[in-house]
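I opened the notebook with a few things to look up, starting with how the chains meet. Here is what I jotted down along the way.

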Amino acid sequence: MGGTANAKGISYGPSPNGKKYDSLDTHRGANPNKSQWTDTVTRDQEFEIFCVSDEKIWCCDKGHYWSVGNPQGTTVLGTKGERLAKFPKTQNDSDPWHGYPVSPRLRGSDDSPSDHFIKQWISAGAISETFGKRLLRCSI
Amino acid sequence: MKVIQLFFPGTFEDAFLYRGRLLVVGKESRLKVVSLSKIATYLETMAPSAIPLPRYLFMRNDWLADPQFQSLIRNSEIANLFVKCVDSLATRVKDVELDLNSFLETECQLSATYDCLLDMTIYNGRIYLASDSGLFHCDVDWDRQIVEAKRAEKRFDAKCIHTSAKYGTVNISCGTEGLFSSIDEFDFQSRGQEHTWKNLAQKSYRSDWCSYDLVNYTNYSLPELFRTKHQKQAKTFGIEHERNLLTEVDDSSISLWNLPHTQKTATTNFNSEAIDYVYNANQRFFVHTKAGHFYELSVRYIQRQDPKISKARSIAQNHQGSLIKTLTVRHGAVIETFDSVLLLSSQGITTLLSEPVLSIRTFPQSKQYRNIIAITTEKGLWIQSVFDDTITSARQLSLFGT
């Protein structure tokens with residue numbers, strides 16, 4: 001796949017629905033205060049995770065996109081054990097998107113899609129019932 | 001430790017053992033009431049050489065702790081025979097798929113309208129269902145030969161993640177909505193007050209009891225202690241025979257980490273950033289660090305003084321990865337990780353199940369089911385009974401006591 005280096009990281013795109021994406025250095029070790037992708041998730045895979053979310057329009061009512069490494073949640077995405085990825089809504093439609101691993105357990109509902117969204121995910125088979133319930137309980 | 005497990009394939013959400021029955025909640029709040037006696041009888045038919053163990057293991061764990069039984073197994077031949085029976089039963093039921101409907105006593109619709117059941121408990125005969133759409137309760141007539149469940153009643157609107165109940169009080173943890181308590185839920189104290197939920201904290205993911213005090217987990221690593229007041233009664237109340245009833249919960253709490261220590265030298269100072277998970281079984285707190293170490297702390301109450309942390313000791317090492325839930329059985333701690341269920345006992349760590357689970361439940365407040373673990377997965381229901389096979393050797397002090 002491969003992206004293009006820019007001042008903030010690596011640029012990718014377009015995604016299936018025409019979005020640009022930046023894999024930011026700040027979530028790749030440059031800023032330890034921000035959540036970090038684990039080394040086992042490459043930048044290319046980070047973009048793929050975003051593409052899945054974009055293709056399936058896993059967008060919550062706040063405009064953020066969400067994704068997972070796999071339906072069972074067995075893929076660890078972040079250095080703190082995060083298994084969920086958040087792609088916050090951009091200010092302008094043409095801005096490149098970015099994302100980072102999140103954990104409802106570590107940061108509560110700020111780092112979780114709504115319950116309605118999670119239940120839709122379960123119903124659609126996007127995530128397993130077990131993974132979904134753990135997200136609803138904020139236990140992972 | 002030996003683990004004897006029964007597997008019931010099917011689509012279930014949760015299960016609970018209570019008053020001689022296995023209560024299994026399925027999809028759309030469908031309740032199956034299963035007779036433990038029928039299961040034990042069937043197991044005795046399957047493995048006649050193991051009689052009477054099925055009853056000891058799946059109906060009457062209290063018989064195993066009974067002084068008469070303990071006296072009996074001081075005879076090594078009898079103890080060895082028991083362990084042999086356990087092995088025989090474990091081998092016979094291993095990989096057998098049991099049909100839950102074969103042991104069915106009754107089945108009914110609880111009519112609770114939710115999408116996802118997140119927790120359940122049964123206290124004083126009342127079933128509490130914590131769900132994404134709130135808390136429901138359902139009264140059950142246990143005295144009938146075939147139990148009869150009444151229609152579920154909605155008690156709380158916000159999403160409920162966890163419930164705990166004792167001393168006549170029911171607590172619900174509702175995440176960022178907070179911790180709520182219904183004191184004197186069954187009007188044992190005849191206060192005649194309307195049953196309202198007292199909001200104790202702004203965040204809660206779990207609660208449990210530490211002696212008479214209430215522990216609130218504002219996240220999975222931060223326990224806070226609410227001091228309470230209780231009254232000892234001249235008689236007992238309710239199915240659980242409560243003699244001590246809660247009368248009041250303080251409005252403010254104190255972090256467990258801010259409690260004074262009784263022995264400066266014996267206490268490990270935990271950096272809160274290094275803690276992965278904390279849980280308590282009454283006054284014993286278990287701490288799992290991100291580095292994979294387990295520690296045990298005890299909270300000690302000395303009359304007219306604030307509670308103190310009396311000791312901290314390392315109990316196990318090298319379990320990497322986050323814990324999702326931890327519970328207690330007579331012989332140790334049951335640990336849910338992302339993709340397994342483990343038993344941490346004085347004999348080390350034993351794997352109970354190697355798959356992710358929907359719900360897991362133990363029954364430390366019961367008399368009869370303290371060795372039993374009910375595990376629900378997407379494949380079905382596992383009922384496991386833990387048997388301490390060290391009865392054949394010198395009696396050891398249990399790591400976790402009884």
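**Entry 1: the interface.** Before noting any area, I reminded myself that buried area is the accessible area, taken with a 1.4 Å probe, that two parts lose on being put together, summed over both. I also kept in mind that this is a predicted model. With that settled, I looked up the area buried between chain A and chain B and found about 2,000 Å², with carbon and sulfur atoms giving 48% of that. On the chain A side, A:Arg105, A:Arg134 and A:Arg137 lose the most area to chain B, and together they make up 35% of what that side buries. I then looked up the contacts: 20 residues of chain A are in contact with 25 residues of chain B.

Entry 2: One I looked up by name joins B:Asp115 to A:Lys119, where the closest N and O atoms are 3.0 Å apart. Sorted by class, the side of chain A that touches chain B has four nonpolar, eight polar and eight charged residues.

**Entry 3: a helix in chain A.** I moved on to helix α1 of chain A, residues 43-55. From first C-alpha to last, this 13-residue helix reaches 18 Å, close to the 18 Å expected at 1.5 Å a residue. Which residues of α1(A) are buried? My list reads A:Glu46, A:Phe47, A:Ile49, A:Phe50, A:Cys51, A:Ser53 and A:Asp54. I traced what these buried residues pack against and found β2 (9-12), β3 (21-24), β4 (65-68) and β5 (84-87) of chain A. After α1(A) comes A:Ile57, and I noted its positive phi, near 50°.

**Entry 4: one residue in chain B.** Last, I picked B:Ala165, which lies in strand β11 (residues 162-166) of chain B. Is B:Ala165 buried or exposed? I put it down as buried, because its relative accessible area is 7%, and buried means under 20%. Leaving out residues up to four places away in sequence, B:Ala165 touches B:Tyr123, B:Val170, B:Trp209 and B:Gln365. I also checked B:Ala165 against B:Tyr369: they are 204 residues apart in sequence and 17 Å apart in space, C-alpha to C-alpha.

Technical notes: Residues numbered from 1 in each chain as written. Chains lettered and ligands numbered in written order. Predicted model: local features only at pLDDT ≥ 70, side-chain atom pairs only at ≥ 80, totals over all residues. Heavy atoms only, no water. Contact = heavy atoms within 4.5 Å. Salt bridge = Lys/Arg side-chain N within 4 Å of Asp/Glu carboxyl O. Nonpolar A, V, L, I, M, F, W, Y, C, P; charged D, E, K, R; others polar. Helix = DSSP H or I, 4+ residues; strand = E, 2+ residues; numbered from the N terminus. Expected span 1.5 Å × (residues − 1). Buried < 20%, exposed > 50% of the residue type's maximum accessible area, 1.4 Å probe, protein only.
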